[in-house]
Amino acid sequence: MTTTATPTRHAARLVPGGEFRMGSDRFYPEEAPVRTAVVPDLWMDEHPVTNAQFRRFVAATGHVTVAERPPDPRDFPGAHPSDLVPGSLVFRPTAGPVPLDDWTRWWHWVPGADWRHPEGPGSTLHGRDRHPVVHVGHEDAAAYAGWAGRRLPTEAEWEHAARGGLDQAVYAWGDDPEPRGRMMANRWFGRFPWENLHPHGFERTSPVKRFPANGYGLYDVTGNVWEWTATGWPDAGAAPADATHGCCAPHAPVLTEHARRVIKGGSHLCAPSYCLRYRPAARQGQEVRSSTGHVGFRCVSDVEVTRNGR
């Protein structure tokens with residue numbers, strides 16, 4: 001695959017706009033139907049926002065993320081006060097094979113888990129400055145984007161950019177999952193959720209730009225971490241309700257449909273045998289105040305507006 005020689009500015013790539021065929025009829029029902037979408041020219045971050053970048057934002061603004069604040073009791077009626085403490089969802093592999101219809105077997109609410117402590121108290125960001133920031137809610141991503149003079153992409157903008165100029169290809173690099181045996185993304189190798197072979201050397205997130213860029217020079221558009229978009233879930237009422245219960249989007253039933261946004265791109269937890277969602281067309285619904293260890297984001301800016309990106 002040849003990467004297009006697109007201009008670069010502030011570690012962002014110029015993604016040419018236009019019409020493209022969005023969605024897919026070949027995989028999960030929430031991705032259908034294939035339809036024509038039109039997007040503008042955009043500057044898009046080359047890679048997801050990293051821990052180092054997010055740390056600079058927090059130092060400059062004092063921002064406190066959703067995971068670092070106690071949950072609002074109104075969002076969790078009936079919850080015991082002792083459970084309403086800051087924390088986030090952390091993936092823990094199971095000891096062996098388990099039924100795959102219950103995400104609570106591998107997702108665990110961990111008090112004290114947040115972007116600084118990805119696996120919970122005692123874990124740190126040591127050696128992970130170049131890893132994508134995780135445990136950020138939608139409002140955290142939007143706050144960062146505003147501080148950086150950017151915004152979150154719409155789902156159509158994100159998908160168009162992730163396709164890298166390829167029309168309806170399965171992956172961001174083409175139709176072969178591993179061309180010439182080359183690993184193209186940080187995804188799950190082995191039997192989910194217990195056998196993590198990680199032949200690429202990473203059990204969870206990986207440093208950005210470790211895997212090949214797509215045709216627009218964008219890295220990690222699939223795998224590594226899911227990415228927030230500005231688009232509500234479901235769009236136009238087309239997505240089936242059970243699409244919110246996918247392997248990669250733990251579902252908290254106390255929040256309503258309008259409180260979700262589309263996330264795109266899949267993550268390091270996507271296994272081909274269970275969650276083949278490390279593809280541009282794949283989509284999930286994520287509660288805006290829900291944070292996990294595999295959801296991050298990247299930003300865009302409009303070409304016609306001069307921005308002071310960081």
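Reader: Which residues of helix H2 (residues 138-147) are buried?
Author: The model is predicted, so that local features need pLDDT of at least 70 and side-chain atom pairs pLDDT 80 or more, while totals for chains, interfaces and linings use all residues. Residues are numbered from 1 along each chain as its sequence is written, and side-chain values use heavy atoms, without hydrogens or water. With buried taken as under 20% relative accessible area (1.4 Å probe, protein chains only) and helices as DSSP runs (H or I) of at least four residues, strands (E) of at least two, the buried residues of H2 are His138, Asp140, Ala141, Tyr144, Ala145 and Trp147.

Reader: Against which elements do the buried residues of H2 pack?
Author: Contact here is heavy atoms within 4.5 Å. The partners of the buried H2 residues are helix H1 (51-61), strand S8 (226-232) and strand S9 (260-264).

Reader: What is the phi of Gly149, which follows H2?
Author: Gly149 comes after helix H2 in the chain. Its phi is positive, near 75°.

Reader: What volume does the largest cavity have?
Author: A cavity is a set of points on a 1 Å grid over the protein atoms alone where a 1.4 Å probe fits but cannot get out, and its volume is the space filled by probe spheres set on points joined across faces, edges and corners. The count is 6 cavities of 30 Å³ or more, and the largest cavity has a volume of about 140 Å³.

Reader: Which residues lie nearest the centre of the largest cavity?
Author: Lining residues have an atom within 4 Å of a point, and 18 residues line the largest cavity. Those nearest its centre are Pro118, Glu119, Val134, Thr205 and Gly293.

Key:
On a 1 Å grid over the protein atoms alone, a cavity is a set of points where a 1.4 Å probe fits but cannot get out, and a pocket is an open set with protein on both sides within 12 Å along at least five of seven lines; lining residues have an atom within 4 Å of a point. Buried means under 20% relative accessible area, exposed over 50%, partly exposed in between (1.4 Å probe, protein chains only).
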